Amino acid sequence: MRQEEIMDSSAIDDAAGRLLRAYDKARPVAPIVEDFPTATVDDAYRIQQQQVRTWTAAGDRVKGHKVGLSSAAMQRQMGVHQPDYGHLLAGMFHLEHQPIDAGAYLQPRIEPEIAFVLGRDLTGPGVTVADAFRAVEYVVPALEIVDSRITDWRISIVDTIADNASSGGVVLGSTPHPLNAVDLPMAGCTFGINGHVVGTGTGGAVLGSPINALVWLANTVGPLGITLQAGHVVLPGSITRAEPVQAGDTVVATVAGLGSVTAVMAGPHAQREN
């Protein structure tokens with residue numbers, strides 16, 4: 001199927017349906033831009049929002065948002081040049097140290113982040129860094145499982161946005177800390193899988209500071225009528241490159257001043273390539 005200049009509602013439904021079936025059938029699909037080559041970023045967010053409506057109509061709930069592609073490392077890895085955002089649904093959250101079914105994902109990767117939990121609503125446009133600081137109740141180290149419903153991660157910015165910013169799962173650390181307990185840009189992170197360090201970085205890798213990603217998100221979604229709500233989680237973006245993860249892996253991220261967070265992928269241990 002080829003579109004003309006603008007994706008109409010039926011094309012949006014078609015693209016969203018393909019991605020929803022990829023979830024249901026556990027089978028990735030071809031990039032959206034192959035069949036809709038003139039699709040825009042705005043079209044991609046419409047596709048994303050159509051899926052969110054389907055999930056919430058089925059009983060899931062939006063519990064936050066994520067900023068993706070906010071570090072130079074992730075932009076280089078994915079071949080894109082701007083941040084994006086997606087929705088975090090209640091069903092995406094996992095308890096740390098508890099088994100996570102790796103088979104529930106198609107092409108999972110994992111990345112370390114500093115997560116914000118909001119204590120008050122934050123509505124853009126016009127949000128400043130000071131506004132964002134006041135809205136944060138506490139921070140915790142986090143691991144985000146990113147996954148793609150697009151075959152072999154062959155994604156453009158349109159594909160990843162349409163695919164809910166490649167969202168998969170979230171594991172939050174168990175000990176909350178006040179925002180002033182950590183120097184966000186300078187906070188060092190060590191990221192390991194099965195006891196081997198696979199990445200290091202600092203919070204400054206995320207748009208100069210993770211708080212900048214929160215400001216960007218609030219000012220980006222505000223004009224769309226979306227408020228970042230008190231109690232919701234915001235993932236500002238990865239400090240390092242994302243790494244592949246599989247059944248049997250134990251993943252630990254440690255952030256200076258915040259402690260550590262652990263994700264355990266369920267299944268028999270498999271030998272990783274070094």
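Helices and strands in this tour are DSSP runs, helices of at least four residues and strands of at least two, numbered from the N terminus. The model under view is predicted.

**The largest pocket**

Begin with the largest pocket, which holds about 360 Å³ of space. Select Y23, M92, A104, Y105 and G168, which are the closest to its centre among the 19 residues of the lining. Next colour α1, β4 (99-101) and β7 (167-172), each of which supplies at least two residues of that lining.

**Helix α1**

Stay with α1 and display its end C-alpha atoms. They are 24 Å apart, and because 17 residues at 1.5 Å a residue should span 24 Å, the helix agrees with expectation. Now select A11, I12, A15, A16, G17, R18, L19, L20 and A22, the buried residues of α1. The elements that cover them include α2 (32-35), α3 and α6. Step past the end of the helix to A26, which follows α1 and has a positive phi, near 55°.

**Helix α3**

Move to α3 (41-57). This helix has 17 residues, and the distance from its first C-alpha to its last is 24 Å, close to the 24 Å expected at 1.5 Å a residue. Select D43, A44, Y45, I47, Q48, Q51, V52 and W55 to show the residues of α3 that are buried. Their cover includes α1, α2 and α6, together with the strands β1 (62-68) and β2 (84-89).

In soluble globular proteins, nonpolar side chains tend to be buried together. Here the largest nonpolar core has 54 residues, and the members that touch the most others are I47, F116 and L214. At least two residues of this core come from each of α1, α3, β5 (109-118), α5 (129-135), β6 (136-146), α6 (157-162) and α7. The largest share, seven residues, is supplied by α7.

Centre the view on F116. Which residues does F116 touch, leaving out those up to four places away in sequence? The contacts are V136, Y138, V139, L179, L184, P210, I211, L214, H232, V233, V234 and P236. Then select I100, L143, V171 and V261, which are among the 15 residues of a second, separate core.

**N212 on helix α7**

Return to α7 (residues 210-221) and pick N212, which lies in this helix. N212 has a relative accessible area of 29%, so it is partly exposed. Not counting residues up to four places away in sequence, N212 touches V129 and L207.

**E243 on strand β11**

The next stop is E243, in strand β11 (residues 243-244). Is E243 buried or exposed? Its relative accessibility is 18%, so E243 counts as buried, the cut-off being under 20%. Beyond residues up to four places away in sequence, E243 touches R109, I110, F191, I193 and V198. The C-alpha atom of L143, 100 residues away along the chain, is 11 Å from the C-alpha atom of E243.

**Backbone features in the loops**

In the loop between β5 and α5, find P125; a cis peptide bond joins G124 and P125, with omega about 5°.

In the loop between β6 and α6, select D152. Its phi is near 60°, a positive value in a residue other than glycine. D152 counts as exposed because its relative accessibility is 58%, where exposed means over 50%.

In the loop between α6 and β7, select S166. This residue, also not a glycine, has a positive phi near 55°. S166 has a relative accessibility of 3% and therefore counts as buried.

**The annotated region**

Finish by selecting residues 106-263, which an unreviewed UniProt entry lists as "domain: Fumarylacetoacetase-like C-terminal". Over this range the chain is 16% helix and 35% strand.

Key: Residues are numbered from 1 along each chain as its sequence is written. This is a predicted model: local features need pLDDT of at least 70, side-chain atom pairs count only at pLDDT 80 or more; totals for chains, interfaces and linings use all residues. Side-chain values use heavy atoms; hydrogens and water are left out. UniProt positions are given in the numbering used here, feature names are shortened, and annotations may be inferred rather than shown by experiment. Buried means under 20% relative accessible area, exposed over 50%, partly exposed in between (1.4 Å probe, protein chains only). Contact means heavy atoms within 4.5 Å. A nonpolar core is a set of buried Ala, Val, Leu, Ile, Met, Phe, Trp, Tyr and Cys residues joined through side-chain atoms within 4.5 Å. The expected span of a helix is 1.5 Å times one less than its number of residues. On a 1 Å grid over the protein atoms alone, a cavity is a set of points where a 1.4 Å probe fits but cannot get out, and a pocket is an open set with protein on both sides within 12 Å along at least five of seven lines; lining residues have an atom within 4 Å of a point. Grid points are joined across faces, edges and corners, and a volume is the space filled by probe spheres set on the points.
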